[in-house]
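Please look over the structure below before reading on.

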Amino acid sequence: MPTILLVEDELTFAETLRYNLEREGYSVIHAPDGVEGLELARRQQPDLIVLDIMLPRLDGFSVCRILRQESDIPVIMLTARQDEVDRIAGLELGADDYITKPFSLGEFLARLRAILRRSEAHPRTIGREVLSAGAIKVDISSRRAWRDTNELSLAQKEFDLLTCLIRNRGIALTRDLLLERVWGAEFAGDSRTVDVHIRWLREKIERDPARPRYIQTVRGVGYRFDSADEPG
Ligand code: CA
C-alpha cells in the first residue's frame with residue numbers, strides 16, 4: 001500500500017485527512033512542520049507527499065524546493081490563497097499538483113490516485129545517495145566525503161554535521177536544531193559542542209577556515225551552508 005506523508009500544521013485538518021486516507025487503504029505519516037516534513041521524507045521515502053504551504057519552521061515552498069534537489073517523490077501542494085497558486089506556478093517548484101483549500105475529499109482523492117498511478121507507471125528514483133555543493137561532495141551510503149578530488153578524513157559527528165548542513169543548504173540552522181539532529185535529543189552537552197565541531201569541520205573543508213566559503217556563521221542564530229552554484 002502506498003505511504004503518504006502529510007505535512008500540515010493544522011492538526012484537526014491533518015487528522016481528518018489521515019482518517020480518510022487510511023480508510024482508502026493508504027498508510028499515512030504526519031509531520032506538523034516543514035523541518036520535520038523534510039526529515040520524514042528523507043527517512044521514510046513515502047510514495048507521495050501532501051504539502052501545506054504555510055508551515056512553522058520552514059514553509060512548503062522551501063520544503064518542495066529542497067526535496068526537488070534530491071528526489072522526485074510526487075508532491076501535491078495545499079494552498080489557501082490564489083497568490084500562492086501563482087507562486088507555485090511562477091517558481092517552477094516541481095510540485096506535481098496543487099489543490100486549493102477548502103476542497104472536496106472526492107476531488108482530492110481523485111487527484112492523489114491519478115498522481116500515484118502516473119508515478120507507478122514511471123518509477124522514480126528514491127533519494128539521492130550523493131550530495132554535492134560547490135567543491136564538496138558527500139556520499140551518504142558509503143559515508144565518504146571529498147573536496148574536489150581529495151577525500152576528507154571526517155570523524156563521525158563531523159560527517160553527520162556536514163551532511164545535515166548540506167542537506168539544508170541555504171537555510172540558517174540554529175545550534176539547538178543542529179544539536180538535536182546530529183547528537184540527538186537526549187544529548188546532554190550544550191550548544192558550544194556545535195561551535196567546536198564547526199571549527200574542526202571548517203579546518204577540513206575550507207581553504208581558509210578563518211574566512212569560510214561554505215559554512216557561514218549566522219550571528220545570533222547558528223550556521224548556514226552556502227555554495228557558489230546556488231543563490232543564497
Ligand atoms: Ca498551514
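A salt bridge is counted where a side-chain nitrogen of Lys or Arg lies within 4 Å of a carboxyl oxygen of Asp or Glu. This is a predicted model, in which local features need pLDDT of at least 70 and side-chain atom pairs count only at pLDDT 80 or more, while totals for chains, interfaces and linings use all residues. Residues are numbered from 1 along each chain as its sequence is written, and side-chain values use heavy atoms, with hydrogens and water left out.

**Salt bridges**

- The structure holds 19 salt bridges, and one of them joins Arg68 to Asp96, with the closest N and O atoms 3.2 Å apart.
- Arg68 belongs to helix H3 (residues 60-70) and Asp96 to the loop between helix H4 (82-91) and strand S5 (97-100), so this pair ties together parts that are 28 residues apart in sequence; helices (H or I, at least four residues) and strands (E, at least two) are DSSP runs, numbered from the N terminus.
- Arg68 is partly exposed, with a relative accessible area of 24%, and Asp96 is partly exposed at 22%, where buried means under 20% relative accessible area, exposed over 50%, and partly exposed in between (1.4 Å probe, protein chains only).
- Glu39 forms a salt bridge with Arg181 (3.0 Å, N to O), and because Glu39 lies in helix H2 and Arg181 in helix H7 (residues 175-183), the pair ties together parts that are 142 residues apart in sequence.
- Glu39 also meets Arg43 in a salt bridge (3.7 Å, N to O), and these two residues, 4 apart in helix H2 (residues 34-44), are separated by about one helical turn.
- Arg43 is exposed, with a relative accessible area of 57%, whereas Glu39 is partly exposed at 23% and Arg181 is partly exposed at 24%.
- A network of salt bridges links Glu8, Glu10, Asp52 and Lys101.

**Nonpolar cores**

- A nonpolar core is a set of buried Ala, Val, Leu, Ile, Met, Phe, Trp, Tyr and Cys residues joined through side-chain atoms within 4.5 Å.
- The largest nonpolar core has 51 residues, and those that touch the most other members are Ile49, Leu51, Leu162, Leu165, Ile205, Ile215 and Phe225.
- Helix H6 (residues 156-167) gives the largest share of this core, 6 residues.
- Domain 1 (3-121) and domain 2 (130-225) both contribute residues to this core, so it lies between them; the domain bounds come from an automatic or database domain assignment.
- A second, separate core of 18 residues includes Ala14, Val28, Leu109 and Leu112.

**Helix H6**

- Helix H6 is mostly covered, with 9 of its 12 residues buried, among them Glu158, Asp160, Thr163 and Cys164.
- The end C-alpha atoms of H6 are 17 Å apart, which agrees with the 16 Å that its 12 residues should span at 1.5 Å a residue, the expected span being 1.5 Å times one less than the number of residues.

- Leu173 lies in strand S10 (residues 173-174) and counts as buried at 4% relative accessibility.
- Leaving aside neighbours within four places in sequence, Leu173 is in contact with residues including Cys164, Leu178, Val221 and Tyr223.
- Leu173 and Pro2 are 171 residues apart in sequence and 32 Å apart in space, C-alpha to C-alpha.

Definitions and conventions:
Contact means heavy atoms within 4.5 Å.
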